[in-house]
Amino acid sequence: MKHFKDNLTAEALAERALFHLRYGRGKDLRAATAFDKMSCFSNAVRDMAVDGFIATQKTYLDGDVRRVNYLSMEYLIGKMLENNVYALGIEKIASEALKPLETTVEEILGQDVEAGLGNGGLGRLAACYLDSLATMELPAYGYGIRYEHGIFRQEFENGWQRERPDEWLALGYPWELVRPEYTLPVCVYGRVKKNFKAGRGTEDVWEDWQMFEAVPYDIPIIGYGVNTVNMLRLWKSQPAEGFRLDVFNQGDYVRAVEEKNWAENVSKVLYPSDYTYAGKELRLIQEYFLASCSVRDIIRRYKKTHRSFDRFADKNVIQLNDTHPTLAIVELMRVLHDEERLPWDKAWEITTRSFCYTNHTLLAEALEKWTVDLMVRVLPRHMQIIYEINHRFLQQVEISHPGMGEILRKVSLIEEDGHKQVRMANLCVVGSRKVNGVSALHSELLRTKTMPEFDAVYPGKFINVTNGITHRRWLIKANPQLAGLVSEKIGAEWKRNLALIGEFEQYAGNKAVQKRFMEIKRANKQALCETIQHLTGHRVSPDSLFDVQIKRLHMYKRQLLKAMHIIHLYHRIKENPKAKIQPRTFIFAAKAAPAYHIAKLVIKLINTMAEKINNDVDVAGRLKVVFLPDYNVSLAEKIIPAADISEQISTAGLEASGTGNMKLSLNGALTVGTWDGANIEIAENVGLENIFIFGHRTEELAELRRKGYNPWSYLEKSKTLKQVLETIRDNTFDPSQPDLFKDIYNDLTEHGDYYFYLADFEQYIQCNEEVDALYAKSSKWAEMAILNVARMGWFSSDRSIQDYCDQIWQLERTPVDMAEEIV
């Protein structure tokens, strides 16, 4: 079968890049900047991807294949150039092709742009899944929003997080293709009135709406070593009428562009703050924007080859990545029933056969709800449809579960307590064929604790698909030296099938391999030391233990617990400066939501601690604390290969899965974690003897809460804990602001310590003492680290996608043949 790189030469690739430099950038080599060279070379590589995309779409269209349409508010795709060169298998050709451009791989990679399309694990998971779908030659489309400014660019100012716009599009983005011919209208607001039509009776008609437009931008997703190139389609909002010349000529210059500004705000930033009514309204419109455009685009593509909707659910599965795209269920119903004139029952049958839903959280605050008042204002017709869905659903439940009013109350799509709200997670369950959690524990808790009533109504609907990661980015690309060592010992087939990395286990006890492994780890740590100094000014030693906690900052993820451990160690040194302490560098990276006060206070606390501890002569470099700003995929690729310890210390039962834990273990970091999320499955795969587990388990915490958890009792029993909390309360790190961190102290004491910091503190300290003791045994440590690498094959996103295919999507592998010359 013909492949992308067949007949491709370095000369041809260089010629294509120089063409783009002249006719795309309007420059010759003498005038070209480093960014120009990156851009034109990226365009040359993109040309190959476009050839593949055209062949892929032709294959899908000719075969009338079943596709998965993946809807997600986030896609953390990272920098694309190196990833795409690797996927195409043209590393050596690319290196040679850059010589005529008078540049190097290192220089142009430094200019590559990271798309600001996500914030945390949700977006990175979506990106891993798109990579696996293409590599596994599965028909797929991703749908998201082309945020102008992403979430935000994080800076620290006097230790405080400051949010700045992420101007990732300022110089253009070479990987996207704009598709103005597929621009779609989007309608919001308005009212619903009754109309009588012969043959259909009285109908509800949505009118007087306000319209804006959605323009699609496509980013190619290249499968590794195959011809498949799927697409990630991102929607940009724009006004239906951008500039009111009549109003401008009347002198009202602000109102002349008012509609333009309003429409463009919809795709301006990811997750606009919802602490104001206007913010809530914009966020709801943003979610509907994604849902409406994507559903209409799926229908447009389906209609190319079908005249009726009889086979729509046979040819399309629509996967909702969390509750943000829930309105797609209602939008499909509205289009089928109102516009395509399908009877309600037929439209509902198609809808419920098409949709599937992935739940990512058990936190009540994250199970989205929208007030009925807001829904009626923004989407009046959709609110009517939700009421009708709910009415029919509750009638069915009442028939199947007579006399059980409590079940009706809990499964209803409308929350009646106080202010009426639409429960989006409930709507997802009712409107989907399958619902999956993302780790074994999470799926069990979702089914038995969070939504047991739904499990009774829909037996068999809830299943588990444990998350996975793409080793192509997180080991082969991020840690090429370690990948090279693995290939040297077991061959390169594992790169295509991560399950084969298990063969590396036979070398865990080999002293020579251990030595090579630790040399690679130290080299990665040295590289990270340089990054740390560049970003923070702090000098750290690669010979210290690198203790890493990198994830979205939330109180349930317990970055504060790690800070409490650091304070404890600092007290030990201050009490006895000659105390034997294992040198550690504590590395944090995280963004806190702009309106999340306590989380931002934790960032300030850690940065305040860093200033004091890193400059204390008694500490003498044995403890170093660094908080790296603006955490993103590129920074993660530098941190993860250098980590010795992976902190996965969420409150048990609250972390749905986690994927950072998988990436770190795959790169030879040992996990310190609670019995939570995918930590459990990591422990089962690597062995309990090769992971550090501490803390109360989910059922134990539930029992503590049932009995009336009292954090003060833990404080009274532990002098160490009392000293740590008093240090936070009094801010002894900066006595000039003694009350600065009292809100943190109060959260852990007077406000009930909701996330059980105090209950788990002593076990956490003891666990870290075990870590120190083991790190002193370098051979044993290396053996355990190698075993972690070798036993992570099950956590490939390829395995996750296969689970989705087998249990939910029923997709078939569809190879693509490149029938024509590429270059």
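1. Just after helix α21, Gly 491 takes a positive phi of about 90°. Helices (H or I, at least four residues) and strands (E, at least two) are DSSP runs, numbered from the N terminus. This is a predicted model: local features need pLDDT of at least 70, side-chain atom pairs count only at pLDDT 80 or more, and totals for chains, interfaces and linings use all residues. Residues are numbered from 1 along each chain as its sequence is written, and side-chain values use heavy atoms, with hydrogens and water left out.

2. Helix α21 covers residues 480–490. Its buried residues are Leu 482, Ala 483, Leu 485, Val 486, Ser 487 and Ile 490. Buried means under 20% relative accessible area, exposed over 50%, partly exposed in between (1.4 Å probe, protein chains only). The cover over these residues includes α20 (471–477), α22 (511–536), α26 (660–666) and α33. Contact means heavy atoms within 4.5 Å.

3. An open sheet holds 6 strands in the order β20-β19-β18-β21-β22-β23, with parallel pairing. β20 (623–627) and β23 (692–693) are the edges; each has a single partner strand, so one side of each lacks a neighbour in the sheet. Two strands pair if DSSP finds at least two bridges between them. Strand β22 (residues 670–673) is joined to β23 by 2 bridges. Gly 673 stands opposite Ile 693 in β23.

4. Ser 646 belongs to strand β21. It is buried, with a relative accessible area of 0%. Leaving aside residues up to four places away in sequence, Ser 646 touches Val 548, Asn 661, Leu 664, Ala 669, Leu 670, Thr 671 and Val 672.

5. Helix α33 (residues 778–790) lies across β18 (545–550), β21 (645–648) and β22, at about 85° to β22. Axes are lines fitted to C-alpha atoms, for helices over the stretch in contact, and angles run from 0 to 180 degrees between N-to-C directions.

6. The axes of α22 and α33 come within 10 Å and cross at roughly 80°. The two helices are therefore roughly perpendicular to each other. Angles under 35 degrees count as roughly parallel, over 145 as roughly antiparallel, 65 to 115 as roughly perpendicular and the rest as oblique. From α22, the contact includes Phe 517 and Met 518; from α33, it includes Trp 781 and Ile 786.

7. The chain has 34 helices and 23 strands. Buried residues make up 62% of its 823 residues. The C-alpha trace spans about 90 × 75 × 60 Å along its principal axes.
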